[in-house]
Amino acid sequence: MTGRVGLILLVCAMPWAAACRDTPRAKAAELQKIAATRRQGLVRRIAMADANPDKVVEVAKWIMPPQLREISGLALTSRGTVLTHDDNAGRISEIDPKTGILLKSFSLIGNQKEDFEAIAIAGDDIYLMASDGKLFRFREGADGQQVQFMMFDTGLRKQCEFESLAYEADSTRLLMVCKRILDKQAPQDLVIYHMPLPLNRATFTIVRVPLHQLIGSNKWKNFRPSDMTIDPFTRNYVIIASHEKGLAVVTPDGDVVRSGPLPGDHRQPEGVAITKDSLLLISDEANVMPAAITLYRWRP
Amino acid sequence: MPVLRELIDVITMKSDRPMRRLVAYYAIVAVVVAILAYFFPGEIARISAKGLGDVPEGPTVLTDALSSSPTAAVSFGPGSLFDVAVTTVLILIGALILMLPVTWVYMSARPSGGQHNQNVVQTLIILPLVVAGIVFIVQNSLALAFSLAGVVGAVRFRTTLRDSRDLVYIFLSIVVGFAAGVQSLAVGAVISIVFNFVLVVTWHYDYGRNMLMPTAAAQWSRPLEALASPTGDHQIPDRDLVLSLTPDKAAALADRFSRVSKRVGKKRKKPRFDSILTVTCDDVPDAQRRVEEVLARMTKRWSLDEIVTNTGKPCEIYYLTRLKKSIPRDVLLTAIHENANGVIATADLETSGEVDREKEKREEKKEKNDGVKV
């Protein structure tokens, strides 16, 4: 008898309990509240960082959810959010870097499995790059959507292993930096491929940066780029290297502006982006520490 | 539990057939899960197929690693304290729900009248909960996995299972525990359901039974050998067997003893029957007719002893028979099978002569051994 009464009460209580939690309106209100609080916190931390410009401090650090534990590239949208992706799956997530809210996730149709290493936005198109130089072009999708894509093979798999992709809006071209030159006879310089849009293998050009110039006085033996972005203020290329935990700034012509260690403690930095309001974003793949996106004040 | 039993009774119209009761149980679980999924889609999706790599839809608040303010801890979405607690409770309940029918099948579908092991039954309930908890904690952490290996390495868990089939149940409980731990209960549910139904079907049809092995029915009739023996001392031949019987079974056996005693006659009198024929079948009248045709033709005398109808398994017909000297056991069994034309499932004949011969051999062996010792 008691069991039956309990069961009836449970069944009656379920809709009520469900109504109290997880309604879209309640969730949206809660989100807005958290976003407002976090924006205020970020402004406060940025002010503190600006007050002491000699010291590089983290202004925010967002821990990634499990599906982004192998977070790789970063690409800024015109809305101020950042698109990122997982290393193994063609699944793109949009994150608001100032509030640490994962806004949506969508994927390439057919749940593509590749060694995806970088992402870039060129107008309405998004490019996802695999380590063998294949480029997947697609449009932004809604939350949970699977989007159609076009694949373009750059044919550079025998030359290089790639991890970096950026879009240079001024010259409407994609930039790919070689992480590892596979041809052992070739000089081991930093090689940047310029690929004007629309993509055509015949129009690819190369800029070489001598490695010794890039290393400079740092104690690195090599410099293997894991991502690059374009400084919105100087239009220089900002390149980070995961293994060396280093950051280098190079002009579009290949002259080294500066190179040095990355700010903060990064276990496996895989993505970089710079916002128009001077925030440097660095994404770290999970490696002992959980995957995260860290924000710093960017000073060109 | 009584409510669940009543519900199953209503759905199965009080049927005792294990297959029907299993289907009813899973139907009830499916309905409850469907209702819960309607009201709490997020929670159910999170525990049923999260491990398969799907991504939660909708905005998710990421953890702020720099802040110690209340908003640093996520108020909702995967990873919050509340959700971790709810998810843990749900996966444990899910594992329990999936393992309950497995224990019922384990206890019911015992081969050849074997007894189930209570320790294994309790292990089947507890083990998946522990495994789920471990996997839930270790998930995605190589460091924790290595630590766990170290801790488990220090604990010795060794036991000898009486039946190798018990090991399969233990493996299943580990699988369900893993599925629950990685929040892929859907996979665990499918595995558990398929496992249960396959087991019930193989048990129902005694799949893989060697024709020379005694059937479950033959196990029952074994004490009757003593009654049919030339000495006819009417002693209970196997004390352990009788002690292992439930009161109902013991009463049924006693009833059969008394009936058979009446039929075989008084002490020291030459037994009228020297063998017991056990036939299992689904259609009793037809099988009875076909078997009795053969018995009339090929035995000296025979008598129908008992018809036992089983729930969920073939019925058993017992005959007391006296074989003709010219017709050996195998010839009779072959003739029964041929005449049955597929109506009977199994036929087995136990003769007192074989039992006596075996006893004589044993005694001879014993004497020899004693001789060597001296």
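In chain B, helix α13 (residues 284-298) and helix α14 (residues 329-340) have axes that come within 9 Å and cross at roughly 140°. This is a predicted model. An angle over 145 degrees would count as roughly antiparallel.

From α13(B), the contact takes in B:Ala287, B:Arg290, B:Val291, B:Glu293, B:Val294 and B:Met298. From α14(B) come B:Leu332, B:Ala335, B:Ile336, B:Asn339 and B:Ala340. By class, the residues in this contact of α13(B) with α14(B) are 8 nonpolar, 1 polar and 2 charged. An α-helix has 3.6 residues a turn, so residues three or four places apart point the same way.

One residue of that contact leads onward. B:Ile336 lies 10 residues along the chain from B:Thr346, and their C-alpha atoms are separated by 9.8 Å. B:Thr346 belongs to strand β6 (residues 344-351) of chain B. Is B:Thr346 buried or exposed? B:Thr346 is buried, because 21 other C-beta atoms lie within 10 Å, and the cut-off for burial is 20 or more.

Helix α5 (residues 118-138) and helix α7 (residues 164-181) have axes that come within 7 Å and cross at roughly 30°. Angles under 35 degrees count as roughly parallel. So α5(B) and α7(B) are roughly parallel to each other. Here too the crossing is right-handed, with α5(B) passing α7(B).

The contact residues on α5(B) include B:Val120, B:Leu124, B:Leu127, B:Val131 and B:Val135. On α7(B) they include B:Tyr169, B:Ser173, B:Val176, B:Gly177 and B:Ala180. The contact of α5(B) with α7(B) divides into 16 nonpolar, 4 polar and 1 charged residues.

Stay with α7(B). This helix has 18 residues and reaches 26 Å from its first C-alpha to its last, close to the 26 Å expected at 1.5 Å a residue. Its buried residues include B:Tyr169, B:Ser173, B:Val176, B:Gly177 and B:Ala180. B:Leu172 and B:Ala179 are also among the buried residues of α7(B). After the helix comes B:Gln183, with a positive phi near 60°.

Among contacts in chain B with a separation of 6 or more, 69% join residues 24 or more positions apart.

Most residues other than glycine have a negative phi, and most peptide bonds are trans. A:Leu197 and A:Pro198 are joined by a cis peptide bond, with omega about -5°. A:Pro198 sits in the loop between β13 (190-196) and β14 (205-209) of chain A.

Two non-glycine residues of chain A have a positive phi: A:Thr172, at about 40°, and A:Lys245, at about 55°. A:Thr172 is in the loop between β11 (160-168) and β12 (173-181). A:Lys245 is in the loop between β16 (237-241) and β17 (246-250). How exposed is each? A:Thr172 is exposed, because 12 other C-beta atoms lie within 10 Å. A:Lys245 is partly exposed, because the count within 10 Å is 17 other C-beta atoms.

Note on methods
Residues are numbered from 1 along each chain as its sequence is written. Chains are lettered from A and ligands numbered from 1 in the order in which they are written. This is a predicted model: local features need pLDDT of at least 70, side-chain atom pairs count only at pLDDT 80 or more; totals for chains, interfaces and linings use all residues. Axes are lines fitted to C-alpha atoms, for helices over the stretch in contact, and angles run from 0 to 180 degrees between N-to-C directions. Helices (H or I, at least four residues) and strands (E, at least two) are DSSP runs, numbered from the N terminus. Two residues are in contact if their C-beta atoms, placed from the backbone, lie within 7 Å. Ala, Val, Leu, Ile, Met, Phe, Trp, Tyr, Cys and Pro count as nonpolar, Asp, Glu, Lys and Arg as charged, and the others, Gly among them, as polar. Angles under 35 degrees count as roughly parallel, over 145 as roughly antiparallel, 65 to 115 as roughly perpendicular and the rest as oblique. A crossing is left-handed if the near helix is turned anticlockwise from the far one by less than a right angle, and right-handed if clockwise. The expected span of a helix is 1.5 Å times one less than its number of residues.
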